[in-house]
Amino acid sequence: MAISLLPLQRLLENPRYAGIYHLPLSGQAALKAAAAAAGFAVFEVGLGDADRIDEVLAKLGHDLDLPRWYGQNYDALKDCLSDFSWHEAPGYVVIVSRAETLAAENPAAFRTLNEVIAAVIDEWRSRDVPMWVFYDLRADGLASLPTLA
């Protein structure tokens with residue numbers, strides 16, 4: 001029996017609910033399928049064992065295929081993620097794996113990174129474009145989407 005992805009797709013298409021969430025491994029396939037059905041750009045970022053923000057920013061730049069002018073700092077990350085002219089789509093999904101090392105070893109940097117991402121999501125929301133970021137870890141303050149929990 002096929003599972004309908006339409007409720008998840010409709011949720012993803014609504015920028016009002018876009019944000020930073022925990023994504024259980026069991027929900028990744030459904031999320032990717034629903035995002036693809038919506039025509040969204042889907043990016044996967046693997047942070048490995050990066051525990052320093054400079055390593056994380058470099059990995060984000062590489063895995064998100066950010067423009068060459070990306071300066072590997074918070075401001076440049078915000079600028080690049082706020083302007084996907086190099087990868088236009090009706091919405092964006094970023095799946096980040098292996099962030100637990102940064103979260104554990106450098107919680108201040110992890111918090112600042114998420115503040116930058118939240119500001120970007122708010123900026124896209126003001127343009128009525130959904131941007132979602134999902135972590136495969138359960139960190140304080142990260143909720144799960146009810147349709148994937």
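Arg-52 counts as partly exposed because its relative accessibility is 43%; buried means under 20% relative accessible area, exposed over 50%, and partly exposed in between, with a 1.4 Å probe and protein chains only. Arg-52 belongs to the loop that runs between strand E2 (41-46) and helix H3 (53-63). Helices (H or I, at least four residues) and strands (E, at least two) are DSSP runs, numbered from the N terminus. Arg-52 and Ala-109 are 57 residues apart in sequence, yet their C-alpha atoms are 8.0 Å apart in space.

## Basis of the description

The model is predicted: local features need pLDDT of at least 70 and side-chain atom pairs count only at pLDDT 80 or more, while totals for chains, interfaces and linings use all residues. Residues are numbered from 1 along each chain as its sequence is written, and side-chain values use heavy atoms, with hydrogens and water left out.

## The chain as a whole

The chain contains 6 helices and 5 strands. Along the sequence they follow the pattern α-β-α-β-α-α-β-α-α-β-β. Of the 149 residues in the chain, 48% are buried. Among contacts with a separation of 6 or more, 73% join residues 24 or more positions apart, where contact means heavy atoms within 4.5 Å.

## Packing of H4 and H6

Two packed helices are described by the angle between their axes and the distance between the axes. For helix H4 (residues 74-82) and helix H6 (residues 107-126), the angle is about 30° and the axes are 9 Å apart. Axes are lines fitted to C-alpha atoms, for helices over the stretch in contact, and angles run from 0 to 180 degrees between N-to-C directions. H4 and H6 are therefore roughly parallel to each other; this term covers angles under 35 degrees, whereas those over 145 count as roughly antiparallel, 65 to 115 as roughly perpendicular and the rest as oblique.

On the H4 side the contact is made by Tyr-74, Leu-77, Lys-78, Leu-81 and Ser-82, and on the H6 side by Ala-109, Thr-112, Leu-113, Val-116, Ala-119, Val-120, Glu-123 and Trp-124. These residues divide into 9 nonpolar, 2 polar and 2 charged. Here Ala, Val, Leu, Ile, Met, Phe, Trp, Tyr, Cys and Pro count as nonpolar, Asp, Glu, Lys and Arg as charged, and the others, Gly among them, as polar.

In soluble globular proteins, nonpolar side chains tend to be buried together. The largest nonpolar core in this chain has 51 residues, and those touching the most other members are Leu-12, Leu-77, Leu-113, Met-131, Trp-132, Val-133 and Tyr-135. H6 gives the most to this core, with 8 residues. A nonpolar core is a set of buried Ala, Val, Leu, Ile, Met, Phe, Trp, Tyr and Cys residues joined through side-chain atoms within 4.5 Å.

Most residues other than glycine have a negative phi. Gln-72, in the loop between H3 and H4, has a positive phi of about 55° although it is not a glycine. Arg-98 has a positive phi near 65° and lies in the loop between strand E3 (92-97) and helix H5 (100-105).

Thr-101 lies in helix H5 and is buried, with a relative accessible area of 19%. Leaving aside neighbours within four places in sequence, Thr-101 is in contact with Gly-48, Asp-49, Ala-50, Asp-51 and Asn-106. The C-alpha atoms of Thr-101 and Asp-49 are separated by 5.7 Å, although these residues are 52 apart along the chain.
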